[in-house]
Amino acid sequence: MNTNHSVSQSNKLTYEKTPPHAYLAGASHIKCSWIRSLFCQTSTKIVEDLKLADPQPRILDLGAGEGQVSKIWLELGARLTAVDISENRLKQLKEVCKGYENKLETICSDVFEFLERDLNQRFDLVCAVGFLHHIKDYLALIQKAVSLIKPKGYFFSFEDPLYHKTLDFYSFFLSQCLYYSWRITQGDILGGLYRKMRRVLIGYKDDVYDNTEYHAIRSGVDQESIINLLKNHGFSCSIGYYFSNQSPLLQSLGKKLKIKNYFYIIGKRL
Ligand SMILES: C[S@@+](CC[C@H](N)C(=O)[O-])C[C@H]1O[C@@H](n2cnc3c(N)ncnc32)[C@H](O)[C@@H]1O
């Protein structure tokens, strides 16, 4: 049975062996200039607000990855704690964030183990970028993460697939068509087809293929439950919807067709 632990271990195996350039080739929020600038505008607004109280806000970056996103927070003037389960990713992150050593702490750990430690630190912002869909029980994760956020601090998630049940037929159908149009350019077509059929006919397996992008290959991330959870913890929330696809060509087509298949959430503790 897939548990949070087995899903975490699958992520560790996958990210330890995937070279950063292979990850970046499929990371639309980094390589697509439109999504990247949406991320930069949003993160800049959050940091500017936090800087009114502290010129060097403290950020906790969950599932920090290979460093491109973490570097944006550092360039904005924040102090950053980057947590990731993959040692290779953090090694690369330190390379990418060279020059910011005095503002950067890296912690190699499963995010649940990290959040269950007796931390006496509190953060101005906890962010999860391209991360929640990798976590089986992301609501339990957010529940633990919000206890580390200071009053007037933020929870920010970006680049997660919208919950399929909430998509209209047009967005669901077209975003699936565009995803598979990209997928067939990535090789291992028979393997991909076999796994797709197996998932539909038999079900999911407890292996790296079915665990790593856990909710991306299932039914997306339930944005409304995240907002409800944050509101119950005294956060005011806003949500943004956009289109994301790994291919630059299909990305601009999907954007023109006004499809929305991804979201970000900004929660501010009142
Ligand atoms: C899609 S990448 C996102 C990286 C980065 N935030 C970005 O936006 O480019 C997901 C990252 O989460 C990390 N990860 C997955 N499961 C994890 C877990 N349970 N605990 C800590 N990190 C995890 C992976 O190692 C990987 O670096």
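Asp124 counts as buried, at 9% relative accessibility; buried means under 20% relative accessible area, exposed over 50%, and partly exposed in between (1.4 Å probe, protein chains only). This is a predicted model, in which local features need pLDDT of at least 70, side-chain atom pairs count only at pLDDT 80 or more, and totals for chains, interfaces and linings use all residues. Residues are numbered from 1 along each chain as its sequence is written, and side-chain values use heavy atoms, with hydrogens and water left out.

**View A. Asp124 pairs with Lys150.** The two form a salt bridge, with the closest N and O atoms 3.4 Å apart. A salt bridge here is a side-chain nitrogen of Lys or Arg within 4 Å of a carboxyl oxygen of Asp or Glu. Lys150 sits in strand β5 (residues 149-161) and Asp124 in strand β4 (residues 123-129), so the bridge ties together parts 26 residues apart in sequence. Helices (H or I, at least four residues) and strands (E, at least two) are DSSP runs, numbered from the N terminus. Lys150 is partly exposed, at 26% relative accessibility.

**View B. Glu116 forms a salt bridge with Lys144.** Their closest N and O atoms are 3.3 Å apart. The pair links distant parts of the chain: Glu116 is in helix α7 and Lys144 in helix α8 (residues 138-146), 28 residues apart. Glu116 is exposed, with a relative accessible area of 52%. Lys144 is partly exposed, at 28%.

**View C. Asp110 is buried yet has no salt bridge.** Asp110 is placed in the loop between β3 (104-108) and α7 (111-116). The nearest side chain of opposite charge (Lys and Arg count as positive, Asp and Glu as negative; His and the chain ends are not counted) is Arg117, 9.5 Å away. The Asp110 side chain does make a polar contact with the side chain of Ser8, at 3.3 Å. A polar contact is a pair of N or O atoms within 3.5 Å; within protein, one must be able to donate a hydrogen and the other to accept it, and residues adjacent in sequence count only if both atoms are side-chain atoms.

**View D. Arg195 forms a salt bridge with Asp188.** The closest N and O atoms are 3.0 Å apart. Arg195 is buried, at 11% relative accessibility. Asp188 is partly exposed, at 45%.

**View E. Met197 lies in helix α10 (residues 189-201).** Met197 is partly exposed, with a relative accessible area of 43%.
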